[in-house]
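Subject: Handover of the structure

Hello,

I am passing this structure on to you. Please open it and keep it beside this email as you read.

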Amino acid sequence: MNKLYFKLMAANIKNGKRFYLPYILSGILVVMLFYNMMAIYYSEGLSHMSGGSDIRTVMYFGSGVVIIFSFIFIFYTNSFIMKRRKKDIGIYNILGMEKRHIAMELFVETATIAITVITCGLITGIIFDKFLMMLLYKILKFKVSIKFTISFQAMFNSLVIFTILYFLTMVYNVMQVKLSNPIELLRGGNVGEKEPKTKIIMAISGFACIGIGYYIAITTENPIAAVTLFFIAVVLVIIGTYCLFTAGSIAFLKMLKNNKNYYYKKKHFIAVSGMIYRMKQNATGLANICILSTMVLVMVSTTVSMFVGEEDILKTRFEAEINVSVNSDHLQDNSGLEKIIEDEINNNGRKITKKYGHTGINLSGIMKGNELDTEGEDGVHYEYSDITFISLVTKESFKDIINIDTGDIPENEVIIYSSPRYTEKELKLPGQVFKVKESFEAGDEFFPIMDNTLANCFYVIANDYNELEKVASKLREHRYGIYSYELHIDIDGTKEQKKQCDDAVTKVLRDKKDNEADYSAMLVETRENKRQDFYGLYGGLFFLGIFLGIMFLMITVLIIFYKQISEGYEDRERFIIMEKTGMSKKDVKTSIRSQIRTVFLLPIAVAAIHVTAAFPMIKKLLLMLNMANYKLYAKCTIVTILVFAVIYIIVFLLTSRTYYKIVGEENK
């Protein structure tokens, strides 16, 4: 009996190789991707490199995404194969095989596939591990030698995860047999031929969900709020997409059918009636393709734009090569601090190419009308997005910061640049009420010196330091570090020379802070010392984006392939019926081809619309990662859509051959 199970398994796989081969190959690729991601995560070399912790965080997140979509993908393809197998299983049952014998055959089949997939996936992953590690190090600009290693922890994780996955698919397959009778199994591949009902409520719900999701994406201004709202918008759009493909498309086609003047024409009659059945049977698959396509487009476009623009991001995050910020309780002459830095720069053989600094007062609190509450209410929890940040500076400092000359400002009056524009006539700060002479909307020229990730961020410009002292005197009652002095210096030299100088300046300033009490706080940030950390984060995100982009693309291709096969078997009967009713073979083929093009081009079109609607919100999210080059992101998005569309069409044309071959077998 045991030999019989293996013979049946071998025969099934051989006869259904067009189903099983893509299923097995894709499983091997998924196991390989997961192993490689885990191997990078456990790599000992990363622990000794700057930016290595960021890479591990990115890989850990990516491995979780791979696990989730591996389960979804394997279950989807397995369910398709089971649908095609139900008729064979029903015949086995009628011919005398008991359900326990059929279940045993499915167990042997699933176990054999699982062992093959996991073993081949791990071997492939081990073979390609060094190559992928070299590619990652190239992206990160790490210049180190890489040894061939095998990550046993990654192997163990892969073995456990995918053993569980295939065990669950085996349980699902066995339950399909246990809970079905022979007649149901024989009809399993042909269920659902009645005309679908119009689900108006679901269709309206789909439009509503997508509309709300789009509204959130387009109208959200605060990047902090966008982080939370983005996931809400994504969930709404996913739900809406499923509803629209499932019910909205059918409702629209029913409307066309009810239009007698349109419907009762040969071309429209065949197309509309065929599309109604096609959308009912394939709505979920089309929605999956649409959502996966959207994920590929968003992930690849964002990670590529961040990788290409990482130098811009680095300069956005760090305004100058050397950035010093110190806080003090009283207004001080900071020329001595500047001289220490300049002397150290000269001692290292570098020259200052640009220098600018300013002193001001930084405030934060909850804006209540025209008053800034810096203390808040006891027991009340405030979100970060609720906080207003104010930089109170003199007109001379403001001109140094943004190169805008405000002109003379009367006593007890201020000019405000804010996002959004401040509309009140007065501004109440601790100890002082200022009249607002003028207020302006802070545009992109204020980024990054104004934190555009906040809902309310103000630059308040007063005439001189006497105006600032009115606020400072009140603040001294309950806080330290009233005045904030910021100094930004650019220097010449190569990256190595700049880094050496940066290290020297950082050491001198730390010694000064430890030995003197002039400043209550000091922060020193240098661009070159943070460069490798940035390469680690943004290079890692780029690597992950390409990694997951390949995986999602593979899943999309497999779904398209299986849909073409499924539709081929469903349409070959329609070919025969329509030809018997008098339609020419040419008209039948033209109608079917038109339906297929419409159905398969619909997901990529909707995905492009989703990405376009999400563009404003993704821009805000990229600000959180210091990505302010919107034009670069827009270009990367357009190029990604075009490239993906070309790949999508090529895949469609290639898989269409399988479809026409299946249909042609019945109509030679």
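Below are the ground rules, then the chain as a whole, then some helices and single residues.

Ground rules

This is a predicted model, so local features need pLDDT of at least 70, side-chain atom pairs count only at pLDDT 80 or more, and totals for chains, interfaces and linings use all residues. Residues are numbered from 1 along each chain as its sequence is written, and side-chain values use heavy atoms, with hydrogens and water left out.

The whole chain

The chain has 18 helices and 10 strands. Both are DSSP runs, numbered from the N terminus: helices are H or I with at least four residues, strands are E with at least two. Of its 668 residues, 50% count as buried. Buried means under 20% relative accessible area, exposed means over 50%, and partly exposed lies in between (1.4 Å probe, protein chains only).

The chain exposes about 32,300 Å². Carbon and sulfur atoms supply 60% of that area. The areas come from the Shrake-Rupley method with a 1.4 Å probe; for residues, only the protein chains shown count as cover.

Now the contacts, meaning heavy atoms within 4.5 Å. Take those with a separation of 6 or more: residues 24 or more positions apart account for 82% of them.

Helix α7 and the cysteines

Helix α7 covers residues 200–219. Its 20 residues should span 28 Å at 1.5 Å a residue, and its end C-alpha atoms are 28 Å apart, which agrees. The expected span is 1.5 Å times one less than the number of residues.

Which residues of α7 are buried? They are Ala203, Gly206, Cys209, Ile210, Gly213, Tyr214, Ile216 and Ala217. Seen down the axis of α7, these fall within an arc of 165°, so they line one face of the helix. The arc is that of the directions from the helix axis to the C-beta atoms. The face turned away from the buried side carries the exposed residues Ile201, Ile204, Phe207 and Tyr215.

Cys209 counts as buried because its relative accessibility is 16%. Its sulfur is 5.9 Å from the closest cysteine sulfur, in Cys243, which is too far for a bond. A disulfide is a pair of cysteine sulfur atoms within 2.5 Å. By this rule the count is zero disulfides. Cys290 is another buried cysteine, at 0% relative accessibility.

Helix α12

Helix α12 (residues 335–347) has 13 residues. It reaches 18 Å from its first C-alpha to its last, close to the 18 Å expected. Leu337, Glu338, Ile341, Glu344 and Ile345 are its buried residues. They cover an arc of only 130° around the axis, which puts them on the same side of α12. The face turned away from that side carries the exposed residues Lys339 and Asn347. Just after α12, Gly349 takes a positive phi of about 75°.

Helix α13 and its surroundings

The buried residues of α13 are Lys395, Ser397, Phe398, Ile401 and Ile402. Down the axis of α13 they fall within an arc of 155°, so they line one face of the helix. They pack against β2 (352–368), β4, β5, β8 and α14. Just after α13, Asn403 has a positive phi of about 60°.

Asn412 lies in the loop between α13 (395–402) and β5 (413–419). Asn412 also has a positive phi, about 65°, although it is not a glycine. It counts as partly exposed, at 29% relative accessibility.

Val393 sits in strand β4 (residues 388–394). Is Val393 buried or exposed? It counts as buried, at 2% relative accessibility. Leaving aside neighbours within four places in sequence, its contacts include Phe398, Ile401, Tyr459, Val460 and Leu468. Val393 and Asn362 are 31 residues apart in sequence and 8.8 Å apart in space, C-alpha to C-alpha.

Asn463

Asn463 is in the loop between β8 (456–462) and α14 (465–475). What does its side chain make a polar contact with? The partner is the side chain of Lys395, at 3.1 Å. A polar contact is a pair of N or O atoms within 3.5 Å; within protein, one must be able to donate a hydrogen and the other to accept it, and residues adjacent in sequence count only if both atoms are side-chain atoms. The backbone nitrogen of Ile409 lies 3.4 Å from a polar atom of the Asn463 side chain. Not counting residues up to four places away in sequence, Asn463 touches Thr394, Lys395, Glu396, Asp408 and Ile409.

Best wishes
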